[in-house]
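Please keep the sequence and the model at hand while reading.

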Amino acid sequence: MTQIALGQQKPADAPSVELEQLRRSVRRFENAFSSLPVATRATCPLCREVVPAEFNQKGEQIVLTYNCPDCGENTEVHADTIWMGGTVKPKEVRLGRDSRPPRPSESRSSDPDSLGRATHLASPTHTLSGSPIQPILRRLPRTVETLCPECCAVILGRYFVEDGAVYIEKTCPEHGYFRDRVSSDALLYSKAAWWTFEDAPGQRSPARSGERCPSDCGLCGQHLSASCLAQIDLTNRCNMRCPVCFANSGANGYVYEPDFEQVTKQLQALREMDPTPATAIQFTGGEPTIHPDFLPIVSAAGEMGFSHIQVATNGIRFAEADFAAAAADAGVHTLYLQFDGIGEEPYRQTRNYPGIWEKKLACIENCRRAGLKICLVPTILNGVNDEQVGEIFRYAVANIDVISAISYQPVSFSGRADPSEVASRRYTLGDLAHGIAGASGAEPLRDMYPLSIVAPLGQFLQAITGDPKIRPSCHPDCAFGTYFLVSPDGQTFPFPQVVDVEGMFSDMNRLAKRIEGRGRLTWLDKMAIFRMFKRHFRPDAAPPGLDVKKFVRSLQGMVDKRLGRGEGEKHTYKTLLCAGMHFQDRYNYDVQRVRRCVILYSTPEGIIPFCAYNCGPEYRAPVEKKFSVKHRPAGNAVETTKKHKS
């Protein structure tokens with residue numbers, strides 16, 4: 001097979017200059033809002049018109065003064081860490097009896113303040129490299145460092161509530177005022193904000209000093225989280241031409257396809273992350289399966305210690321039975337399968353590839369035979385395929401033997417998507433929560449949580465075993481959903497119906513801290529662990545055949561393939577992760593989210609967070625150009641170049 005020795009090429013000067021120019025452009029307005037007062041434009045809370053406004057400080061508070069020609073001057077206090085230096089009042093860092101958000105019901109625990117102690121037992125104030133950590137702001141309205149949709153420079157914005165929804169608005173010094181919807185359900189959004197645990201402390205030896213975010217990605221000293229699912233692009237070539245592709249795959253005029261040696265260097269960089277080496281890797285692209293060394297690369301990842309190997313794919317190659325079997329033999333565990341709906345129709349606008357539905361069905365059947373698991377990945381656009389949310393859920397439940405998760409992805413308006421459609425096509429995690437509830441019978445306010453609520457599980461297992469475990473210490477805005485238990489007859493039971501997840505994860509967090517502090521697991525800890533699970537398990541609400549022991553084993557099976565697959569799977573209960581991950585774009589960008597990103601790309605230029613690489617600044621294009629060749633080499637896997645018509 002033809003190799004492209006990109007790792008041995010000397011990058012051209014022009015792409016290097018382009019990358020540095022992008023970094024400078026992102027931070028070019030950094031002094032525009034470095035000190036108060038700061039003029040902006042904002043929505044008057046009385047008449048809803050966009051009017052001149054000004055941020056200023058009054059005492060220990062940041063206020064926004066609206067200068068409305070109709071309503072006069074009025075002010076509103078904003079939560080803030082931009083000018084307050086990360087100093088926030090204790091009630092904003094740790095919930096108490098009087099400050100906790102509304103809940104669908106009171107705590108089922110005997111302690112009415114149990115929720116209050118769920119967060120920030122000992123959250124670090126600085127990263128391991130010394131950068132100060134700005135706490136997550138939970139209150140609205142609040143200030144935010146965001147991006148201009150036109151020029152991508154970091155500018156000042158704010159989040160606020162209007163008619164039960166959460167919006168972001170901002171004013172670029174050059175390009176004016178912008179506004180976008182962040183969530184259609186402000187109450188769910190608020191609940192997510194309160195359910196995140198301690199921040200992670202970042203890396204011991206970051207590659208860049210990190211004076212400004214996100215212009216210093218690579219990783220910089222301001223980044224907080226370790227990798228939950230690392231990414232490596234194997235190629236920018238693809239055998240499809242999707243209108244919604246954030247990677248702009250196949251339409252760039254150059255080929256980015258690192259060779260085997262370069263990919264192993266990028267894998268090694270992930271394994272050397274300190275203090276938590278990456279243990280899960282996803283190969284992506286382009287379509288990663290058309291890389292000439294795809295199978296050897298997968299095998300190499302397993303040999304290097306990656307315990308979970310996943311492939312983001314359109315499924316076309318896996319529709320070939322021999323390829324699916326070979327991939328399983330090489331070490332692939334899970335397919336992150338592009339899946340926008342049931343039947344051919346949903347794909348006409350999102351993929352524009354006639355006959356793709358039959359390919360999906362063949363792919364799923366081949367994975368079933370090969371023992372591979374599948375995470376369905378629907379890109380959801382309002383008014384295009386949002387009605388498919390429930391259909392996809394029901395399909396996953398019916399195929400729970402092979403489908404372990406659904407990762408709905410509300411569309412991110414970057415790459416080849418048309419930004420003029422933002423208002424009409426925007427689909428938020430709030431919309432998704434209600435869509436899932438409508439199909440499953442779940443109750444959004446009871447059953448839906450941010451991904452970060454399960455962070456104590458990784459910390460807990462790490463404290464017990466001493467081995468690094470995935471800890472999703474991401475921002476609560478990044479992902480939202482729930483786990484379902486699926487009975488043998490196909491009934492679904494949301495985890496929070498069966499288990500007091502708030503009490504369980506809060507207790508788990510405290511136990512993990514105690515075990516870590518002692519440095520060993522004692523018999524008293526083992527008794528406390530058993531009591532914890534028994535106390536929070538609700539046998540009356542559990543599905544048939546599920547007791548405390550089997551529930552605990554099912555939890556272990558979610559993070560340990562020795563227990564969750566093969567023979568071990570017979571002793572666990574089927575679970576289905578059903579959640580949305582809303583990657584950012586320039587319209588809804590929040591720099592705080594990037595600092596906590598747990599989906600990290602390993603590239604020849606360094607390790608870069610997902611929403612810096614693909615969205616917002618979009619480092620992808622200059623990085624790929626810097627390490628690319630002009631033409632596709634002969635001898636590589638077949639590439640479909642014909643554009644299909646609807």
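Asp 274 has a relative accessibility of 33% and is therefore classed as partly exposed; buried means under 20% relative accessible area, exposed over 50%, and partly exposed in between (1.4 Å probe, protein chains only). The model is a predicted one, in which local features need pLDDT of at least 70 and side-chain atom pairs count only at pLDDT 80 or more, while totals for chains, interfaces and linings use all residues. Residues are numbered from 1 along each chain as its sequence is written, and side-chain values use heavy atoms, with hydrogens and water left out.

**Salt bridges**

Side chains of opposite charge can pair when their charged atoms come close. The structure holds 35 salt bridges, a salt bridge being a side-chain nitrogen of Lys or Arg within 4 Å of a carboxyl oxygen of Asp or Glu. Three of these pairs are set out in the table.

| Asp 274 | Arg 204 | 2.8 Å |

Asp 274 and Arg 204 form a salt bridge. Asp 274 sits in the loop between helix H4 (260–271) and strand S10 (280–284), and Arg 204 in the loop between helix H3 (186–194) and strand S9 (230–233), so the pair ties together parts that are 70 residues apart in sequence. Helices (H or I, at least four residues) and strands (E, at least two) are DSSP runs, numbered from the N terminus. Arg 204 is partly exposed, at 47% relative accessibility.

Lys 265 is partly exposed at 47% relative accessibility, and Glu 261 is partly exposed at 40%. Elsewhere, salt bridges that share partners join Glu 30, Glu 145, Arg 212 and Arg 595 into one network.

**An antiparallel sheet**

Four strands make an open sheet in the order S1-S2-S3-S4, with antiparallel pairing; two strands pair if DSSP finds at least two bridges between them. Strands S1 (38–43) and S4 (72–78) are at the edges, each with a single partner strand, so one side of each is left without a neighbour in the sheet. Neighbouring strands of this sheet are turned by 35° against each other on average, direction ignored; the axes are lines fitted to C-alpha atoms, for helices over the stretch in contact, and angles run from 0 to 180 degrees between N-to-C directions. Strand S3 (residues 61–68) pairs with S4 in the antiparallel sense over 7 bridges. Val 63 has Val 77 in S4 as its bridge partner.

**Helix H16**

Met 527 is located in helix H16 (residues 523–536) and is partly exposed at 39% relative accessibility. His 536, also found in helix H16, is buried with a relative accessible area of 6%. Which residues does His 536 contact, leaving aside its neighbours within four places in sequence? They are Val 498, Val 499, Asp 500, Gly 503, Met 504 and Asp 507, where contact means heavy atoms within 4.5 Å.

**Backbone geometry**

Most residues other than glycine have a negative phi, and most peptide bonds are trans. The bond from Cys 213 to Pro 214 is cis, with omega near 5°, and Pro 214 lies in the loop between H3 and S9. Another cis peptide bond joins Gly 218 and Leu 219, with omega about -25°; Leu 219 lies in the loop between H3 and S9.

Cys 152 has a positive phi, near 75°. This residue is placed in the loop between strand S5 (142–147) and strand S6 (154–162), and Cys 152 is buried, with 2% relative accessible area. Glu 618 has a positive phi near 55° and is in the loop between helix H20 (610–613) and helix H21 (620–626). Glu 618 is partly exposed, at 23% relative accessible area.
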